[in-house]
Amino acid sequence: MPENEWPAVLDDLERRLAVGAREDWAPPTGLAPLPVELGPRARALVAAQLAAIAGVEEQLQRLRDELATLRRPQSRRPDEGPAYIDTVA
């Protein structure tokens with residue numbers, strides 16, 4: 001793949017990042033080495049991807065914490081009084 005294909009590859013990766021695409025991605029085969037002038041753009045894209053991954057990991061940890069809280073049995077304090085009132089008897 002010629003060197004001039006790199007901008008299209010980076011465009012595609014930036015678009016996927018912007019919309020939160022989750023499908024698998026594989027780099028095109030036969031791609032020439034990244035031109036030096038595209039290095040800053042590629043590094044910025046990697047930084048944005050890492051930030052997005054960190055955000056997803058934080059959300060995942062919050063969800064795990066919430067699930068752990070929900071699964072924990074609720075204990076009642078003895079000074080709270082009865083849990084039920086018998087209205088039938």
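Author: A residue counts as buried under 20% relative accessible area, as exposed over 50%, and as partly exposed in between. Keep that in mind as we look at this model, which is predicted.

Reader: Thanks! What makes V46 partly exposed?

Author: V46 has a relative accessible area of 43%. The cut-offs are 20% and 50%, so V46 falls in between and is called partly exposed. You will find V46 in helix α2.

Reader: And why is R16 called buried?

Author: The relative accessibility of R16 is 17%. Buried means under 20%, so R16 counts as buried. R16 lies in helix α1. Leaving aside residues up to four places away in sequence, R16 touches A21, E23, D24 and W25.

Reader: Which other residues of α1 are buried?

Author: Along with R16, the buried residues in α1 are W6, V9, L10 and L13.

Reader: How do you know that they line one face of the helix?

Author: Look down the axis of α1: its buried residues fall within an arc of 125°, so they line one face. The buried residues themselves pack against α2, residues 39-71.

Reader: Which residues are buried on the α2 side?

Author: In α2 they are G39, A42 and L45. These buried residues pack against α1.

Reader: How many helices and strands does the protein have?

Author: There are two helices and zero strands. Of the 89 residues, 12% count as buried.

Reader: How do you know that the span of α1 is close to the expected one?

Author: Helix α1 covers residues 6-19, which is 14 residues. From its first C-alpha to its last, α1 reaches 20 Å, and 20 Å is what is expected at 1.5 Å a residue. Helix α2 can be checked likewise: with 33 residues, α2 reaches 48 Å, close to the 48 Å expected. After α1 comes G20, with a positive phi near 70°.

Reader: Why is α1 called roughly parallel to α2?

Author: Two packed helices are described by the angle between their axes and the distance between the axes. Here α1 and α2 pack at an angle of about 20°, and their axes are 11 Å apart. Angles under 35 degrees count as roughly parallel, so α1 is roughly parallel to α2. The crossing of α1 and α2 is left-handed.

Reader: Which residues make the contact?

Author: From α1 come P7, L10, D11, L13, E14 and L17, and from α2 come R41, A42, L45, A48, Q49 and A52.

Reader: How far apart are V46 and E14, in sequence and in space?

Author: V46 and E14 are 32 residues apart in sequence, and their C-alpha atoms are 9.8 Å apart in space. For the protein's contacts between residues at least 6 apart in sequence, 74% join residues at least 24 apart.

Definitions and conventions:
Residues are numbered from 1 along each chain as its sequence is written. This is a predicted model: local features need pLDDT of at least 70, side-chain atom pairs count only at pLDDT 80 or more; totals for chains, interfaces and linings use all residues. Side-chain values use heavy atoms; hydrogens and water are left out. Helices (H or I, at least four residues) and strands (E, at least two) are DSSP runs, numbered from the N terminus. The expected span of a helix is 1.5 Å times one less than its number of residues. Buried means under 20% relative accessible area, exposed over 50%, partly exposed in between (1.4 Å probe, protein chains only). The arc is that of the directions from the helix axis to the C-beta atoms. Contact means heavy atoms within 4.5 Å. Axes are lines fitted to C-alpha atoms, for helices over the stretch in contact, and angles run from 0 to 180 degrees between N-to-C directions. Angles under 35 degrees count as roughly parallel, over 145 as roughly antiparallel, 65 to 115 as roughly perpendicular and the rest as oblique. A crossing is left-handed if the near helix is turned anticlockwise from the far one by less than a right angle, and right-handed if clockwise.
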